[in-house]
Amino acid sequence: MIKILLLNGPNLNRLGKREPGVYGHETLANLEEKLVKCGRDQNAIVECFQSNHEGEIIDKLHDSEDQGFSGVILNPGAFTHYSYAIRDAIASITIPVIEVHISNIHAREAFRSQSVTAPVAAGQIAGLGYLGYELALNALIKTKGEGIDEQN
């Protein structure tokens with residue numbers, strides 16, 4: 001059975017409360033529940049983790065490979081735009097990481113359009129709302145974490 005890590009970064013614990021016009025009304029718990037069910041329906045295990053702390057996200061990325069995960073779905077939140085440490089953590093593992101953003105980061109403030117993590121991710125999905133997470137999950141399940149053209 002394939003294992004996927006769903007890793008959400010800073011402020012995503014505020015989904016449903018934080019800027020609902022941008023991020024919607026669904027909570028992180030709802031999102032995680034849907035993804036776990038979607039995974040289970042496709043014979044995959046989805047493990048969820050959220051942190052507002054850069055070091056914890058880095059530790060989870062490092063551990064994901066050793067813990068038998070086939071891939072990672074990562075929404076690095078604001079770390080997307082400046083965390084070279086998370087970028088280097090992604091580059092240091094051999095399993096694919098798909099970067100996901102609920103909003104279209106390329107259509108928002110100028111500082112949000114730059115992702116330092118995307119160049120080492122297997123792919124990026126932005127602007128499709130919560131559906132982006134499901135699409136990333138489906139991609140990892142269909143490829144079993146293999147065959148994704150990784151840059152790392």
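A word on the source first: the model is predicted, local features are taken at pLDDT of at least 70 and side-chain atom pairs only at pLDDT 80 or more, while totals for chains, interfaces and linings use all residues. Residues are numbered from 1 along each chain as its sequence is written, and side-chain values use heavy atoms, with hydrogens and water left out.

**Overall layout**

The protein has 5 helices and 5 strands, where helices (H or I, at least four residues) and strands (E, at least two) are DSSP runs numbered from the N terminus. Walk along the sequence and you get β-α-α-β-α-β-α-β-β-α. Of the 152 residues, 48% count as buried; the cut-offs are under 20% relative accessible area for buried, over 50% for exposed, and partly exposed in between, with a 1.4 Å probe and protein chains only. Contact means heavy atoms within 4.5 Å. Among contacts between residues at least 6 apart in sequence, 79% join residues at least 24 apart.

**The sheet**

The strands make an open sheet of 5 in the order S2-S1-S3-S4-S5, with parallel pairing; two strands pair if DSSP finds at least two bridges between them. Strand S2 (44–50) and S5 are the edge strands, each with a single partner, so one side of each has no neighbour in the sheet. From one strand to the next, the twist averages 20°. For angles like this, axes are lines fitted to C-alpha atoms, for helices over the stretch in contact, and values run from 0 to 180 degrees between N-to-C directions.

Strand S1 (residues 2–8) pairs with S2 in the parallel sense over 7 bridges, and also runs parallel to S3, joined by 5 bridges. S1 is mostly covered, with 6 of its 7 residues buried. Helix H5 (residues 131–143) packs on the sheet and touches S1, S2, strand S3 (71–75), S4 and S5; its direction makes about 165° with that of S3.

**Rings and charges**

Rings of Phe, Tyr and Trp (its six-membered ring) pair if their centres lie within 6.5 Å, and planes under 30 degrees apart count as stacked, over 60 as edge-to-face and the rest as tilted. That rule gives 1 aromatic pair. The Phe79 and Tyr82 centres are 5.8 Å apart with planes at 65°, so the pair is edge-to-face. Phe79 counts as buried at 7% relative accessibility, whereas Tyr82 is partly exposed at 48%.

A charge sits over a ring if NZ of Lys or CZ of Arg is within 6 Å of the ring centre and within 35 degrees of the ring normal.

| Charged residue | Ring | Distance to ring centre |
|---|---|---|
| Lys3 | Phe69 | 4.5 Å |
| Lys60 | Phe49 | 4.8 Å |

**The S4–S5 loop and the annotated site**

The UniProt annotation "binding site", from an unreviewed entry, covers Asn75, His81, Asp88, Ile102, Ser103 and Arg112. UniProt positions are in the numbering used here, feature names are shortened, and annotations may be inferred rather than shown by experiment. One of these residues, Ile102, lies in the loop between strand S4 (97–101) and strand S5 (123–126). At 6% relative accessibility, Ile102 counts as buried.

Thr117 also has its place in the loop between S4 and S5, and at 0% relative accessibility Thr117 is buried as well. Leaving out residues up to four places away in sequence, Thr117 touches Pro76, Thr80, Ser83, Ile86, Arg87, Ile90 and Glu99.

Most residues other than glycine have a negative phi. Asn11, not a glycine, has a positive phi of about 75°. Asn11 sits in the loop between S1 and helix H1 (20–23) and is partly exposed, with a relative accessible area of 37%. Asn43, again not a glycine, has a positive phi of about 65°; Asn43 is found in the loop between helix H2 (28–41) and S2.
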